[in-house]
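Welcome! Try each task before you read its solution.

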Amino acid sequence: MGKRNLIVAAVLPYCERFVELLIDLQSQLLTRKYTNALLLDLHILVAIHLSPMYMNTKNELFRDLVSYTSAPLSENEMHEIHCRELSTLQRVAMQHFKEKLTVLALSNFASIDKRAELIELLSELTEDEMVQLCNYLHLRTSYPQGTKATVDRNFLLEVLVETYQKRESFVEQARKLNIYPNDVSPPITTLLTPRNHCSIPESWNTKTSQTLAPDLFPSQN
């Protein structure tokens, strides 16, 4: 095993445990509000989604943990929040970037809230203009030097798309689950026990393996 593979083998379990910690903090009423504000400010999801570790489809456990959410909102709640965010984006676009973002500013919400549409509409902006747009929207564009975060045009574009694209509610996701297996997707029982199709490292102790499922599916009461 090469040096790089040894490093990945050591870092991956640490990252999985760290994401589990974030899930726990997000799942507790006493820490959820502050943790959520911090994660949004630091664009943690964007940084993770652009990382080689997340892009490697072999890291199924890590990818599953990152995609987990502990506090599903209703469809109406998500729609209201989404509309407020898009309204703010359009107002800033019209006020400060009228020449390049007129279409975005004047379009209806349904035509600008998909990933591909947002990328196309924002593609004319330069990196400096994206920094300005993020600043107007109060989105972080810089990090302390010690973090070694690369904030380039691609990163800023992902920040904007992640913030303003439409997300499926828990109900919408549940509707797409199949009760019976087919050639496209596994049965719902498999999806409800995600570790059945992931390889659990032997280095994990029994306690960690036993507590993983409750962390992923905490009680909503």
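Buried means under 20% relative accessible area, exposed means over 50%, and partly exposed lies in between (1.4 Å probe, protein chains only). This is a predicted model, in which local features need pLDDT of at least 70, side-chain atom pairs count only at pLDDT 80 or more, and totals for chains, interfaces and linings use all residues. Residues are numbered from 1 along each chain as its sequence is written, and side-chain values use heavy atoms, with hydrogens and water left out.

**Exercise 1. Find where aspartate 113 sits, and decide whether it is buried or exposed.**

Step 1: Look at the loop between helix H7 (98-106) and helix H8 (115-122); aspartate 113 is there. Helices are DSSP runs of H or I with at least four residues, strands are runs of E with at least two, and both are numbered from the N terminus.
Step 2: Aspartate 113 has a relative accessible area of 5%, so it is buried.
Step 3: Now list its contacts, meaning heavy atoms within 4.5 Å. Setting aside residues up to four places away in sequence, aspartate 113 touches His82, Leu86, Leu118, Tyr164, Gln165 and Lys166.
Step 4: The side chains of aspartate 113 and lysine 114 are joined by a polar contact of 2.9 Å. Such a contact is a pair of N or O atoms within 3.5 Å; within protein, one must be able to donate a hydrogen and the other to accept it, and residues adjacent in sequence count only if both atoms are side-chain atoms.

**Exercise 2. Study the phi angles of histidine 43 and histidine 138.**

Step 1: Start with the background: most residues other than glycine have a negative phi.
Step 2: Histidine 43 has a positive phi, near 55°, and histidine 138 has a positive phi of about 60°.
Step 3: Histidine 43 is in the loop between helix H2 (29-42) and helix H3 (44-49), while histidine 138 is in the loop between helix H9 (127-136) and helix H10 (153-164).
Step 4: At 6% relative accessibility, histidine 43 is buried, whereas histidine 138, at 71%, is exposed.
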